Amino acid sequence: MAMRTGRKSVVGFAAFVMMLTVVALQGQPAKNSTKAWVESSASGDALQQGTALGQIDVQQSELLQKTIKNNWVSYNGDYTGRRYSSLAEVTPQNVSHLAAKWVFHTRNAGVLEVTPVVVAGVMFITGSNDAYALDARTGALLWHHARGVTSGLVDDASGHINRGVAVLGTRVYMETDNAHLLCLDARSGNLIWDVAYADNTQSYGATSAPLIVKNKVLVGTSGGDDGVRGFVAAYDAQTGKEAWRFWTIPAPGEKGSETWPAGNAYLLGGGTAWMPGTYDPELNTIYWGTSNPAPDFDGSVRPGDNLYTSSLVALDPDTGKLKWYFQFNPHDLYDYDSVQTPVLVDATFKGKRRKLIVTANRNGFLYILDRTTGKYLYSKQFMKRMNWAKGIDKNGRPISNHLIPDAKGVLVCPGFAGATNWYSPSYDPQTNMFYFRSFEGCDVLMAKQEPFKPGRPYYSTGSRTPPGDVANDSYINAFDLTNLDFAWRDKQIGGRQAWAGVMTTAGGLVAFGNNANEFEMDDARTGKPLWAFKLGQPMHASPMSYAIAGKQYFAVAAGDDVFAFALP
Amino acid sequence: MFRESFEAMTRRRLTVGFVCFCLMLLVGTAAFAQDEPSMAPEQNQGAQLFSSHCAYCHGADGRGGRAPAIATLPKVVGLSNQDLIGIVHKGEADQGMPAFPDLGDQGTKAVVQYLRTLQGVTANGPPAKLAGDPDMGRKMFFGKAQCSTCHMILGKGGFMAAELTSYARNRTASEIMQAIVNPDAELQPTSRVVSVRAKDGKSLTGVVRTEDNLNITLQTEDGRYHFLSRSNLAVVNYTDHSLMPPDYGTRLTAKELDDLVAFLIVTGRNAPAEPAPPKSRWHHDD
C-alpha cells in the first residue's frame with residue numbers, strides 16, 4: 001500500500017507539472033472538457049468491423065454479419081446458431097501455448113450458464129439478475145447492474161439461471177428470473193426500462209438470453225414443467241412495447257387445438273421457449289424450439305399430440321405468425337424438451353444445395369430439415385442405448401416403443417437429462433461437420449395422476465437412477481454432412497457428465513468443456529485432443545471467441561467465474 | 001426443463017448461504033454504523049428492538065427477506081406513524097404479520113421511529129415537509145440545470161454519472177443539497193476526471209472507470225471506453241473533481257436548488273421497490 005501511494009504521489013506531481021501543458025494544448029480547463037481529447041495511439045485503438053474499440057453502438061449490419069470475427073454479438077454469436085468463429089490465430093499447431101488471461105468472479109451466481117457477448121472490446125455477462133460490463137482484454141469491471149433475485153419462484157427459475165444479454169445500438173437487454181425484460185444503457189448499466197412479460201406468481205420465470213431481430217427483442221420463459229402455457233414474445237427495442245406474442249399451445253378452436261383435450265389442459269401444457277432461437281433474414285423466418293408438455297410423465301390428462309410442445313416452430317419475426325412447425329416428440333412422456341439450438345446450415349444435401357436446419361434432439365436422434373418448408377429430410381440415431389423408439393418414419397415421426405411411465409416405473413433411454421441438451425452444438429463450414437455433446441444416461445420414469453397446484457412443479461411424479469446402472473458415457477460427436485455419418489465420436493474420460501457446449505473456429509479447432517471440468521480444444525477434423533485447462537469447477541455453459549487488436553481470445557463460464565484465454 | 005444435479009444444487013446452497021450470511025453481517029453493520037452517531041436513546045432502543053423482533057423476517061435493513069421490504073415499499077413508507085404503531089401492536093394476521101403487544105407503547109413507538117430512519121423519513125415522520133416544489137425541480141433536472149445530461153432517473157437521462165432514481169431514499173435534504181452544491185466533497189473513485197498524455201504527445205481526458213498498476217480505463221463523454229496501458233503514458237493527472245459542475249450553488253437560486261432537492265426526494269420515495277438482495281436461495285422442494 002505504501003509503495004502504491006508513493007508511486008501515485010510521484011505521478012501526481014509529474015501530472016501537476018504537465019497539467020499546464022495539457023490545458024495549454026486543449027486551450028481550455030481540463031474540467032468538463034472530455035470532448036476535447038485527441039485520439040490516443042496509446043490505447044492501441046483499431047477500427048474493428050466499423051466499431052471503434054470501447055465504443056458500443058451495435059448496428060443491424062453487425063447483427064447480420066455472415067461471419068463471426070472480432071465481436072460476438074449475441075448468445076450464439078450470429079443468427080445461424082452455428083457457433084463458428086472465423087478467427088484463425090489459434091490453430092492445432094500453436095494451441096499448446098494457449099494460456100489463461102484473466103478470471104472474473106461474479107460472487108452472486110450459483111453456476112453461470114452465460115455465454116459472454118463481446119462488442120468493441122467490452123464483454124457483457126450476466127449472473128442471476130446481475131449484468132456486468134468488463135474490459136474483455138483484462139477482465140476489469142466497467143459497470144455492474146445489481147438487481148436482487150426473486151423469492152418464491154418455482155423450479156428452474158428459482159435457480160436464478162441466466163444465459164446472457166442481447167445488444168442493439170447503445171443498449172443491452174436481459175431477462176430476469178421473474179420474467180422481466182430489462183433494457184440497460186450499455187455505457188453505464190443504467191436501467192432504461194423494465195417490462196414484466198409474464199406473471200411469476202403463475203409459475204413463469206426466465207433463464208434465456210433475448211434475441212434481437214430487426215427492431216424487436218424476442219424473449220421466452222421457463223416454467224414448462226410447472227403448469228404454464230409457453231410463448232415467444234417480441235418487444236419494441238426502443239420503447240419496450242409488446243409487438244406480438246406467439247402462444248406455443250393453440251387456444252381452443254385454433255388450428256392445432258385438436259391435439260389437446262377439452263378443458264384447461266392447454267393452459268398448463270408447457271411448451272416454453274427457454275432458449276434463444278435462430279433467424280434467417282433471407283427467408284424472414286425465426287426458428288424456435290419448445291419444451292416438453294406438462295405434466296411431464298403423466299400423459300393421461302393430455303391425450304393427443306400436444307402441439308406445439310417438443311417442437312420447432314418457424315415464425316414470421318414481424319408478426320409472430322406461424323409459418324410451419326415440426327414436432328420431434330408428439331405426446332412426449334419423457335421430458336424431451338426440444339430447445340436445442342436449431343442450427344441454420346447452407347450445405348449440399350444428397351447432391352443438392354439446400355437451406356437446412358441441423359439439430360440434435362434430446363430424444364437421441366439428429367435431424368435435418370428443410371428450413372424453407374419445414375420438410376423432414378433425414379435423421380440419425382446417435383444414442384446407442386436408446387429404447388424409447390425403434391426409429392423415425394418417412395415423415396419424421398418417431399416409431400415409439402410405447403413405454404408408459406407408471407407408479408412402478410419404467411426404464412427409458414435417454415433419461416430425462418436427454419441424449420443431449422441445451423448446451424451448444426456447432427457447425428463448421430470448413431469441415432462440413434456438425435459437432436455436439438451427447439450423453440448415454442437412462443432413467444426409471446414414474447408417473448401418477450396428480451392435480452395441478454398453482455406455484456408447484458407439475459411433473460406428476462419423477463425419476464430414479466436405474467438400479468446397478470454403470471457410469472454413463474458422454475461423447476463429443478462430429479457428424480459429417482458430406483457422407484451423413486460420424487467422422488468421429490470421442491468418449492469423454494474423467495467425470496460423469498458435463499453441461500458444457502461446443503464451438504468451432506476457422507483455425508481448425510473444436511472447443512468445449514470436457515467431463516473433467518476442463519476447457520478443451522481438439523483438432524476439428526480428427527477429434528484429437530490437443531490442449532486442456534483445468535477450471536476446477538463444473539461448466540454449465542457454452543464457449544465463445546472474440547478478438548481485440550488482432551489477438552484472438554476464448555471465453556467460457558465455469559462455476560460462478562468467467563475465464564478468458566489467448567496465446568501469449 | 002431439466003433440473004440441475006443435486007450436487008450442483010447443494011454446492012450452490014452452501015456457497016450462497018455463506019455469502020448471504022456475510023452480506024447480512026455487512027448490511028447490518030452498515031445500517032447501524034450509519035445511524036449510530038446521531039441516534040437518540042429511544043432510537044437506540046428502536047434499533048435493538050428492530051433487530052430482535054423485525055429483522056428476522058424484514059431484513060436487518062428493512063429491505064425484505066421472508067417478509068416485505070418495509071423500508072422501501074411506497075405503501076408502507078406512506079403509512080402514518082399511528083398506522084404503523086397499530087400494525088406492530090396488533091399484527092396483520094391475514095398478511096402473516098404477528099402481533100407484538102409485549103413491546104409496550106414505548107417500545108412500539110421506538111421501533112416505528114427506527115423504521116422511519118431506515119425509510120429515510122424524518123424521525124418524527126410522516127414524510128418531511130419539502131422546502132421546494134418537486135414539479136419545478138423536475139423541470140430543472142431535465143431542463144435548465146442540465147442534470148439529465150449525465151444523470152438518469154427512471155430511464156431518462158445520460159450515462160456518465162450516477163443513476164439517481166432511488167438516490168434520495170436514505171439521504172436527508174441537507175445531504176442532497178450538499179452533494180449538489182459541493183459535488184467533489186465525497187468524490188467517488190470511479191467518478192474522478194483524469195487527464196492522460198501519451199508518450200507520443202497525444203492527450204485524453206475522461207472519467208476513470210477502472211484501473212490497476214498496469215492499466216487505466218477512461219470513459220469519454222461520447223460513452224466510449226479507452227483502454228490504456230500505463231506503459232504508454234507519460235502523464236496521468238488525477239484531478240480532484242468529477243464531471244459535475246462545481247458552481248450550482250451560484251448558478252441556481254436557493255429556490256431552484258430546493259426544487260431540485262424536492263424532486264429527488266419525491267422521486268426516491270416513489271421509486272419502485274427493489275427486489276430483495278440475494279439472501280436465501282433455498283429452492284427445489286419438489
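The model is a predicted one, in which local features need pLDDT of at least 70 and side-chain atom pairs count only at pLDDT 80 or more, while totals for chains, interfaces and linings use all residues. Residues are numbered from 1 along each chain as its sequence is written, and chains are lettered from A and ligands numbered from 1 in the order in which they are written.

**Chain B as a whole**

- Of the 286 residues in chain B, 39% are buried; a residue is buried if 20 or more other C-beta atoms lie within 10 Å of its own, exposed if 12 or fewer, and partly exposed in between, with C-beta atoms placed from the backbone.
- Two residues are in contact if their C-beta atoms, placed from the backbone, lie within 7 Å, and among the contacts in chain B with a separation of 6 or more, 61% are between residues 24 or more positions apart.

**Two helix pairs in chain B**

- Two packed helices are described by the angle between their axes and the distance between the axes; the axes are lines fitted to C-alpha atoms, for helices over the stretch in contact, and angles run from 0 to 180 degrees between N-to-C directions.
- Helix α4 (residues 81-90) of chain B packs against helix α5 (residues 104-118) of chain B at an angle of about 120°, with the axes 9 Å apart, and therefore α4(B) is oblique to α5(B), since angles under 35 degrees count as roughly parallel, over 145 as roughly antiparallel, 65 to 115 as roughly perpendicular and the rest as oblique.
- On the α4(B) side, this contact is made by B:N81, B:L84, B:I85, B:V88 and B:H89, and on the α5(B) side by B:T108, B:K109, B:V111, B:V112 and B:L115.
- By class, the contact of α4(B) with α5(B) has six nonpolar, three polar and one charged residues, where Ala, Val, Leu, Ile, Met, Phe, Trp, Tyr, Cys and Pro count as nonpolar, Asp, Glu, Lys and Arg as charged, and the others, Gly among them, as polar.
- The axes of helix α6 (residues 134-142) of chain B and α9(B) come within 7 Å and cross at roughly 100°, which means that α6(B) is roughly perpendicular to α9(B).
- The contact of α6(B) with α9(B) has eight nonpolar, one polar and three charged residues.

**Nonpolar cores**

- A nonpolar core is a set of buried Ala, Val, Leu, Ile, Met, Phe, Trp, Tyr and Cys residues joined through C-beta atoms within 7 Å, and in the largest one, of 203 residues, A:V122, A:F124, A:V165, A:V167 and A:Y553 touch the most other members.
- Helix α9 (residues 254-270) of chain B gives the largest share of this core, seven residues.
- Apart from this core lies another, of 15 residues, including B:L49, B:A69, B:A71 and B:Y114.

**Backbone details in loops of chain A**

- The peptide bond from A:L307 to A:Y308 is cis, with omega near -5°, and A:Y308 is in the loop between β18 (285-289) and β19 (311-315) of chain A.
- A cis peptide bond, with omega about 0°, also joins A:C413 and A:P414, and A:P414 lies in the loop between β27 (410-412) and β28 (426-428) of chain A.
- A:H331, a residue other than glycine, has a positive phi near 50°, and A:H331 is partly exposed, with 17 other C-beta atoms within 10 Å.

Methods: Helix = DSSP H or I, 4+ residues; strand = E, 2+ residues; numbered from the N terminus.
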